[in-house]
Amino acid sequence: MTPRQPDTSFDQLLSQLSTRLINSEHAETQTCIAEAIAAFGAYVDADRCYVFEFSDDISSMGNTHEWVRDGQSAHIDDLQDVTSGELPYFFDQMRSSHQFVINDVSQLPATAENEKAEFQRESIKSVICIGLVANNKLLGFVGCDMVHGTYQWSEEDIRHLSLVANMIANTLEREQTYQKLIETQHQLEEANSKLQALATIDGLTGIANRRALDEALEKEVKRAKRQRTGIAVLLIDIDHFKSFNDAYGHLKGDEALKQVASALATIMQRSTDFVARYGGEEFAVIISTDSAWQALRKANEILDAVENLDITHERSDTDPYLTVSIGGYFEIPKADAEVTSTIRQLLNNADMGLYQAKDDGRNCIRFY
């Protein structure tokens with residue numbers, strides 16, 4: 001070992017490291033820790049200097065940072081997920097005293113047989129490890145190895161490394177707090193997204209609800225105006241649904257609503273299609289299209305799909321199976337058209353078409 005430099009040099013080093021760590025941004029924290037152990041390792045003339053972090057229950061540890069002197073071998077890659085069962089003596093010492101100071105590895109007690117074998121594998125003659133403690137929690141440790149020969153660690157060495165450990169511990173604690181904050185924000189964003197989804201999903205059928213329909217209409221009308229494309233609205237009403245509930249019960253009625261909703265969702269699968277429960281036994285469909293004919297084709301597919309469900313409805317005056325009536329309206333909104341009035345016109349005219357379909361005997365399609 002070369003003679004230890006005077007404390008004034010260490011104080012200067014500590015000040016530099018402290019300033020660097022305290023002022024580090026989140027993105028450069030790991031780099032700053034690496035710089036700190038490299039500077040300290042060089043200062044004490046060690047062969048290796050490193051940081052390990054413990055699991056929350058201090059049952060395992062992993063090497064996160066390592067500095068090695070030129071000509072020495074690195075071991076960071078093979079020192080991951082080291083368990084307390086592999087190095088029980090070391091873990092006990094760190095848990096109890098937050099220190100592990102060994103001047104001569106060959107003099108380790110018989111109870112440290114595993115540790116002695118590991119140190120010999122890494123050619124370590126002397127080792128010092130000081131715990132990283134923040135808020136009374138042991139986060140890990142910072143340590144130094146001597147490979148070329150044994151070394152008598154002094155109280156000054158322990159004090160110096162303890163000061164460096166405190167700085168790194170505070171930095172890690174700050175980093176963990178930051179990560180927890182980010183995780184909490186992500187969890188809140190995810191929860192808000194789920195709440196938003198629940199707020200716009202019909203609880204019975206699983207498709208969009210009236211609130212979501214209103215939002216989609218506003219979005220699609222604006223897009224139609226901007227792109228000068230057409231938009232069609234279909235209103236679908238299950239024929240004689242009250243008599244269906246009276247005959248088969250509300251549970252069967254709910255199941256029928258789910259089946260119809262599923263049939264609609266299966267047909268309307270383009271990214272610009274939108275299906276919603278409009279209320280009660282009514283559904284609404286928004287179609288971005290350039291012609292009323294394309295919307296009429298979709299309406300016919302819906303009519304056939306519901307009939308093909310073969311849901312028995314013996315109380316129906318229209319058909320022995322469940323059927324629907326469909327009213328539709330197609331428009332190419334003018335660029336200067338007011339959005340709210342356009343939406344009102346789409347819905348009102350589709351409703352007029354639906355009224356006409358019912359008046360014409362149901363189980364049919366009428367465009368207004």
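**Entry 1: Ile33.** I looked up Ile33 and found that it is buried, with a relative accessible area of 0% (buried means under 20% relative accessible area, with a 1.4 Å probe and protein chains only). The model is predicted: local features need pLDDT of at least 70, side-chain atom pairs count only at pLDDT 80 or more, and totals for chains, interfaces and linings use all residues. Residues are numbered from 1 along each chain as its sequence is written, and side-chain values use heavy atoms, with hydrogens and water left out.

I placed Ile33 in helix 2, residues 29-43 (helices are DSSP runs of H or I with at least four residues, and strands are runs of E with at least two, numbered from the N terminus). Leaving aside residues up to four places away in sequence, I noted that Ile33 touches Leu21, Val51, His65, Ile168, Thr171 and Leu172 (contact means heavy atoms within 4.5 Å).

**Entry 2: The cores.** I then looked up the largest nonpolar core, which has 34 residues (a nonpolar core is a set of buried Ala, Val, Leu, Ile, Met, Phe, Trp, Tyr and Cys residues joined through side-chain atoms within 4.5 Å). Phe40, Leu132, Val142, Cys144 and Ile168 have the most contacts inside it. I recorded that several elements each supply at least two residues of this core, among them helix 1 (7-22), helix 2 and strand 1 (48-54). Helix 5 gives the most to this core, with eight residues. A second, separate core of 29 residues includes Ile207, Ala232, Val275 and Phe283.

**Entry 3: Helix 3.** In helix 3 (residues 88-97), I found Tyr89, Phe90, Phe91 and Met94 buried. Just after helix 3, His98 takes a positive phi of about 60°.

How values were computed: Buried < 20%, exposed > 50% of the residue type's maximum accessible area, 1.4 Å probe, protein only.
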